[in-house]
Amino acid sequence: MLMLTKNKRRYMTQLSQNGVISALAFDQRGALKRMMAQHQTEEPTVEQIEELKSLVSEELTKYASSILLDPEYGLPATKVRHEEAGLLLAYEKTGYDATTTSRLPDCLDVWSAKRIKESGADAVKFLLYYDVDGDEAVNDQKKAYIERIGSECRAEDIPFYLEILTYDESISDNNSPEFAKVKAHKVNEAMKVFSDERFGVDVLKVEVPVNMNFVEGFTDGDVLFTKEEAAQAFKDQEASSDLPYIYLSAGVSAKLFQETLQFAAASGAKFNGVLCGRATWAGAVPVYIKEGADAAREWLRTEGFKNIDDLNKVLADTASSWEEKVK
């Protein structure tokens, strides 16, 4: 069971509502630029990225327990979030070196856990790409890297949220049937690794262990898993860690994400909330670029609100309090 200091508990409470973390994720940088570039001919500007992040923060943190932003483009958005919403700041550089399979982590050059805390954050978030079956020397580097960040967060007495994105060094497409067959193993074993106390992680931000696009009843295409097999993957995930854990939406539709949460809970996953990004706000991107800030604000107040409100209703019925997993 996770031992929380008084300060960490206070921060964790600020990031959640009744022990459930209903957080909005908008720390995308490279992915956001690519999304924006689909709808305009010129390169997205810093001003555009900052304005869009600020619009989302201002409009949607009224309905979220907290928001995850990045220090590169997200600091203006931290200033306009709802006064009761907690703040997580990302510590990693965006993307990875595509010329190698190692996907080694890297912190933002002029940031530290201390500076993140000084910027008003209630938690440090770090993203790690991890292949549990990958090169042993590479994985050892990654473990040492996470130990350092965990030590920094302990020193600053601030929660450490570790986001794990799994992959296979020999499979290029994570949406492929080949990866779907090994995903549960990759996700659940990675959770076991980084639940060790030596890493200092307080909350795991993780993928669901099954690609629901290959589960019977959830797909019109190829079925790789029965509902029973998918449910077992969620049961195994719950058994893989004693830490609080939350789900990321991984860019799936709002509807599929909500249905997945309901299936996870029914399968015995006692997850403690979500950090949901594109499933909530992605539709605002083309509206912002084609019609401007006012139109994007209107989209956020209608469609964006509906996405987050529907998600909150699902969380109320499915998510468990992190307080049950800590001392």
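This dialogue walks through several features of a predicted model and how each one is read.

Student: What should I know about the model before I start?

Tutor: The model is predicted, so local features need pLDDT of at least 70 and side-chain atom pairs count only at pLDDT 80 or more, while totals for chains, interfaces and linings use all residues. Residues are numbered from 1 along each chain as its sequence is written, and side-chain values use heavy atoms, with hydrogens and water left out.

Student: How many disulfides are there?

Tutor: A disulfide is a covalent bond between the sulfur atoms of two cysteines. Here a disulfide is taken as a pair of cysteine sulfur atoms within 2.5 Å, and by this rule the count comes to 0. C107 is in no disulfide, as the nearest cysteine sulfur, that of C153, is 9.6 Å away, and C153 is likewise in no disulfide, its nearest cysteine sulfur being that of C107.

Student: Is C153 buried or exposed?

Tutor: Buried means under 20% relative accessible area, exposed means over 50%, and partly exposed lies in between, using a 1.4 Å probe and protein chains only. C153 counts as buried because its relative accessibility is 0%, and C107 counts as buried at 12%.

Student: Which strands pair with β1?

Tutor: Helices (H or I, at least four residues) and strands (E, at least two) are DSSP runs, numbered from the N terminus, and two strands pair if DSSP finds at least two bridges between them. Strand β1 covers residues 21–25. With strand β8 (residues 273–276), β1 pairs in the parallel sense over 4 bridges, and A23 stands opposite L275 there. Strand β2 (residues 66–69) also runs parallel to β1, joined to it by 3 bridges, and in β2 the bridge partner of A23 is S66.

Student: Which residues lie on each side of β1?

Tutor: In a regular strand the side chains alternate between the two faces of the sheet. In β1, I21, A23 and A25 are on one side and S22 and L24 on the other, and both faces are covered, with all of these residues buried.

Student: What is the phi value of N18, and where is N18 found?

Tutor: Phi of N18 is near 55°, a positive value in a residue other than glycine, and N18 is found in the loop between α1 (6–14) and β1. N18 is exposed, because its relative accessible area is 74%. R103 also has a positive phi, near 50°, and is a residue other than glycine; R103 lies in the loop between β3 (86–90) and α5 (113–118), yet R103 counts as buried at 13% relative accessibility.

Student: What span should helix α3 have?

Tutor: The expected span of a helix is 1.5 Å times one less than its number of residues. Helix α3 (residues 46–60) has 15 residues and should therefore span 21 Å, and its end C-alpha atoms are 21 Å apart, which agrees. Among the buried residues of α3 are I49, L52, L55 and V56.

Student: At what angle do α2 and α3 cross?

Tutor: Axes are lines fitted to C-alpha atoms, for helices over the stretch in contact, and angles run from 0 to 180 degrees between N-to-C directions. The axes of helix α2 (residues 30–37) and α3 come within 11 Å and cross at roughly 100°. Angles under 35 degrees count as roughly parallel, over 145 as roughly antiparallel, 65 to 115 as roughly perpendicular and the rest as oblique, and α2 and α3 are therefore roughly perpendicular to each other. Where the two helices are in contact, meaning heavy atoms within 4.5 Å, L32, K33 and M36 in α2 meet Q48, I49, L52 and K53 in α3.
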